Amino acid sequence: MKIAENSVASFHYTLTDGTGKVLDSSEGQDPLSYLHGAGNIIPGLEEALEGKVVGDKLNVAVKAAQAYGLRDDGLVQELPSTMFSGIEQIEVGMEFHAETEHGLQVVTVTKVEGDQVTIDGNHPLAGVDLNFDVEITEVRAATEEELNHGHAHGAGGHHHH
């Protein structure tokens, strides 16, 4: 069976950036399962997996625009530290959930200078070209429930709590 719309595919992957640095990997874990055509994984990878079958191994280079998007400098802001009430020590790398006009967004503190805090709402991998080493381990038809929910269930898929 080929990976196509309304199929659930499982794959092992190693994700590296342009310098070959490993950013993420499924090694030692269950493979990642996703519902094809539902936008569960980044567009560039989903496109590349279309039509593949179990046992296929591929290396997929995904440009930033087809991955987590290009960096948007409009998502970087300087805020007075007084806006972070109740937090004693604001440090670079901390993540906060911020209410924005686009809904809830994760922002990362990138700089702290005096009482000015710089936050960045870009995805940490925005603007990064990604390379995926992929091995397809399973392809099956999605269940009606998975189609209704818009994502894969079971091992390596989405779990409802």
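How many helices and strands are there in the chain? After that, which residues does Glu 146 touch, not counting those up to four places away in sequence?

Tutor: A word on the ground rules. This is a predicted model, in which local features need pLDDT of at least 70, side-chain atom pairs count only at pLDDT 80 or more, and totals for chains, interfaces and linings use all residues. Residues are numbered from 1 along each chain as its sequence is written, and side-chain values use heavy atoms, with hydrogens and water left out.

The chain has 2 helices and 9 strands. Both are DSSP runs numbered from the N terminus: helices are H or I with at least four residues, strands are E with at least two. Their order from the N terminus is β-β-β-α-β-β-β-β-β-β-α. Along the principal axes, the C-alpha atoms fill a box of roughly 60 × 35 × 30 Å. Of 161 residues, 34% are buried. Buried means under 20% relative accessible area, exposed over 50%, and partly exposed in between, with a 1.4 Å probe and protein chains only. Among contacts (heavy atoms within 4.5 Å) with a separation of 6 or more, 62% link residues 24 or more positions apart.

Charge comes next. The chain carries 8 positive and 27 negative side chains, with the centres of the two sets 10 Å apart. Lys and Arg count as positive, Asp and Glu as negative; His and the chain ends are not counted. Each charge is placed at NZ of Lys, CZ of Arg, CG of Asp or CD of Glu.

Now zoom in. Glu 146 sits in helix H2, residues 144-149. Glu 146 counts as buried because its relative accessible area is 2%. Beyond residues up to four places away in sequence, Glu 146 touches Val 8, Leu 35, Arg 140, His 151, Ala 152 and His 153.

Two of these partners meet Glu 146 through polar atoms. One is His 153: its backbone nitrogen lies 2.9 Å from a polar atom of the Glu 146 side chain. The other is Arg 140, whose side chain makes a polar contact of 2.9 Å with that of Glu 146. A polar contact is a pair of N or O atoms within 3.5 Å; within protein, one must be able to donate a hydrogen and the other to accept it, and residues adjacent in sequence count only if both atoms are side-chain atoms.

Glu 146 and Arg 140 also form a salt bridge, 2.9 Å from N to O. That term means a side-chain nitrogen of Lys or Arg within 4 Å of a carboxyl oxygen of Asp or Glu. Glu 138 forms a salt bridge with Arg 140 too, with the closest N and O atoms 3.9 Å apart. Arg 140 is partly exposed because its relative accessible area is 24%. Glu 138 is also partly exposed, at 36%. Shared partners join Glu 138, Arg 140 and Glu 146 into one salt-bridge network.

The whole structure holds 5 salt bridges. One of them links Glu 113 and Lys 111, at 3.9 Å from N to O. Glu 113 is exposed because its relative accessibility is 53%. Lys 111 is partly exposed, at 38%.

One more buried residue is Ser 33, at 11% relative accessibility. Ser 33 lies in strand S3, residues 32-35. Its side chain makes a polar contact of 2.8 Å with the side chain of Ser 10.
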